[in-house]
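Welcome! Here is a short briefing to read alongside the sequence and the 3D view.

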Amino acid sequence: QEVQDAMLAAMGTHSVIEAPVNREAAKEVFRTVLVGLLSAEELSIAADFYSSETGLKIHHSIIDGENAVSEYLDTE
């Protein structure tokens, strides 16, 4: 229930937790909550990291992982 409450607070709507799950809204909640937990200095460090070659490779790996999970869930 706490996760649902946090998601509702972040989105201001029930669209994330209704069935079927609104994946785009859920991703936006995830991003919003994560960014909200970081200080300006931490955001700067993260931006510097993700603009590096290693950071870009990791970022692409994360996207590939998200896509694989979405494809798997779509077949369920």
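The secondary structure of this chain comes to four helices and zero strands, where helices (H or I, at least four residues) and strands (E, at least two) are DSSP runs numbered from the N terminus. Read from that end, the elements run α-α-α-α. This is a predicted model, in which local features need pLDDT of at least 70, side-chain atom pairs count only at pLDDT 80 or more, and totals for chains, interfaces and linings use all residues. Residues are numbered from 1 along each chain as its sequence is written, and side-chain values use heavy atoms, with hydrogens and water left out.

**Surface**

- The chain has about 6,000 Å² of accessible surface, 60% of it belonging to carbon and sulfur atoms; such areas come from the Shrake-Rupley method with a 1.4 Å probe, and for residues only the protein chains shown count as cover.
- Among the 76 residues, 8% count as buried, meaning under 20% relative accessible area, while exposed means over 50% and partly exposed lies in between (1.4 Å probe, protein chains only).
- Phe30, Val33, Leu34 and Leu37 form a nonpolar surface patch with about 400 Å² of accessible area together. Patches are made of residues with over 30% relative accessible area and no salt bridge, joining nonpolar side chains (Val, Leu, Ile, Met, Phe, Trp, Tyr) within 5 Å and like charges within 9 Å.
- Phe30 sits in helix 2 (residues 23–37) and counts as exposed because its relative accessibility is 54%.

**The largest pocket**

- The largest pocket holds about 560 Å³ of space, a volume being the space filled by probe spheres set on grid points joined across faces, edges and corners.
- Of its 18 lining residues, Phe30, Arg31, Leu34, Ile62 and Glu66 are the closest to the centre.
- A pocket is an open set of points on a 1 Å grid over the protein atoms alone, where a 1.4 Å probe fits, with protein on both sides within 12 Å along at least five of seven lines; lining residues have an atom within 4 Å of a point.
- Helix 2, helix 3 (40–50) and helix 4 (53–75) each supply at least two lining residues.
- Glu66 is in helix 4 and is partly exposed, because its relative accessibility is 33%.

**Salt bridge**

- The count comes to one salt bridge, defined as a side-chain nitrogen of Lys or Arg within 4 Å of a carboxyl oxygen of Asp or Glu.
- Glu53 and Lys57 form a salt bridge through their side chains (3.4 Å, N to O), and both residues are exposed.
- About one helical turn separates Glu53 and Lys57, because they are four residues apart in helix 4.
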